[in-house]
Amino acid sequence: MIIRVRHVAAACVLGAALTACGAPDAPTAARPAPSSASSAPADSSRPPTLTPGAGGLTPVFTNGPRTGDKTVALTFDADMTADEGPRAAAGERFDNPELISTLRTLKVPATVFMTGRWAEEYPAEARSIGADRNFEIANHSYSHYAFTGDCYGLPRVAADGMKNDVERAYTAFRKAGIAHPMPYFRFPGGCYDRQVLKTLAPTGVTAVQWDVVSGDAFATDSDAVARQVMEGVKPGSVVVMHCTRSAAPATERAVRAIVPELRAKGYRFVKVSQLIGAAAARH
Ligand SMILES: [Zn+2]
C-alpha cells in the first residue's frame, strides 16, 4: 500500500500542473453529526460524511463496502500547484477537456479532486464540471503543497497554514462559480499523519484516499493503465486517476477502455459521495 501510495504521490509531484475541480460550499456546513456514521438520510441535501475518528480526528475514507453492489468510483485529481502559473502562461495545459467530454459521453459519474489554483486557472471548466450532476467536485488543497514532511519533494504547507489552504480552495471554487463543492479532501501526494488529521478537524472534511492506483501519471501506454485498473478494482473501490493533459496524457484513452470492460463485469460507476453514503449507512 505504501508503495502504491508513493507511486501516485510521485506522479502528483512531477505533475504538479495537473488540473482539478473544486466546490465553493463551506466545508463546515457539512460537518458530520457527532453520532456514528452520518449518512444523514433525513437530510438528502447534505453530502454524506464519515464520523470523526477517536479524539475528533478528521475521518479517512479509502473504499466503500466490499459486499453488495458492484460499484466503483473513478476519481480524477485536477492538480495545479500554486507556483505553476508561469508554466500555464507558457502554454502547458493542466486541464483535460477531452477526458471530461468522454466521461459525459459514456455517462460515467465521477469525482474530481481539484486544487484551488486549478479552479483559478480554468474557472469556466471548473464551473461546468461543478454544474454537471454526473460529477462532483472535491478539495485537493489550494496549493498542492504537502501536508507532511517527506512527501515526494513537494513544498510543505506550514502547520499554521494547513486549515487555510483547505479553506482557500473552497474560496477559489466559490469564485469560479461552483455551487456545491463536496466536504471531501484529498491530501496532495496522499501524505498525512495523525497530527494533520487533528489540525484539519475544524474544517469538517472527510479525507479521501483510494485503494486502486491507476498509474496514469506520466503514463503513455493507456493499455497498461487500463490493465492495472482492471486488476485492482473490487466492489467499492476508489480509483485514483488524473485530469490533466500535461502530466497524464493517456488517461482519456484508458478510460475509454476501462469503462466498457468494468460494465461488462457488472460494475456500476458511482461518485465518492455514494460510496461514503453506503459506508456510513452500514454503521
Ligand atoms: Zn495531486
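1. Leaving aside residues up to four places away in sequence, Val-239 touches Val-72, Ala-73, Leu-74, Thr-75, Trp-210, Val-212, Ser-214, Val-229 and Val-233. Bear in mind that this is a predicted model.

2. Val-239 also turns up in the core. The largest nonpolar core has 79 residues, and Val-112, Ile-137, Phe-173 and Val-239 are the members that touch the most others. Helix 6, residues 162–176, gives this core six residues, the most of any contributor.

3. Next, helix 8, which spans residues 222–232 and has Val-225, Ala-226 and Val-229 as its buried residues. Looking down the helix axis, you'll find these buried residues within an arc of 95°, so they line one face of helix 8. Asp-223 and Glu-231 sit on the other side of helix 8 and are exposed.

4. What lies over the buried residues of helix 8? The cover includes strand 7 (212–213), strand 8 (237–242) and helix 9 (251–264). This ties in with point 1, where Val-212 and Val-229 are both among the residues touched by Val-239.

5. Ser-141 is not a glycine, yet its phi is positive, about 80°. Asp-150 is another residue other than glycine with a positive phi, this one near 50°. Ser-141 is in the loop between strand 4 (135–139) and helix 6, and Asp-150 is in the loop between strand 4 and helix 6 too.

6. Finally, the chain as a whole. There are 10 helices and nine strands in its secondary structure. Of its 283 residues, 54% are buried. If you take the contacts between residues at least 6 apart in sequence, 85% of them join residues at least 24 apart.

Terms used
Residues numbered from 1 in each chain as written. Predicted model: local features only at pLDDT ≥ 70, side-chain atom pairs only at ≥ 80, totals over all residues. Buried ≥ 20, exposed ≤ 12 C-beta atoms within 10 Å, placed from the backbone. Helix = DSSP H or I, 4+ residues; strand = E, 2+ residues; numbered from the N terminus. Arc of directions from axis to C-beta. Contact = placed C-beta atoms within 7 Å. Core = buried A, V, L, I, M, F, W, Y, C linked by C-beta atoms within 7 Å.
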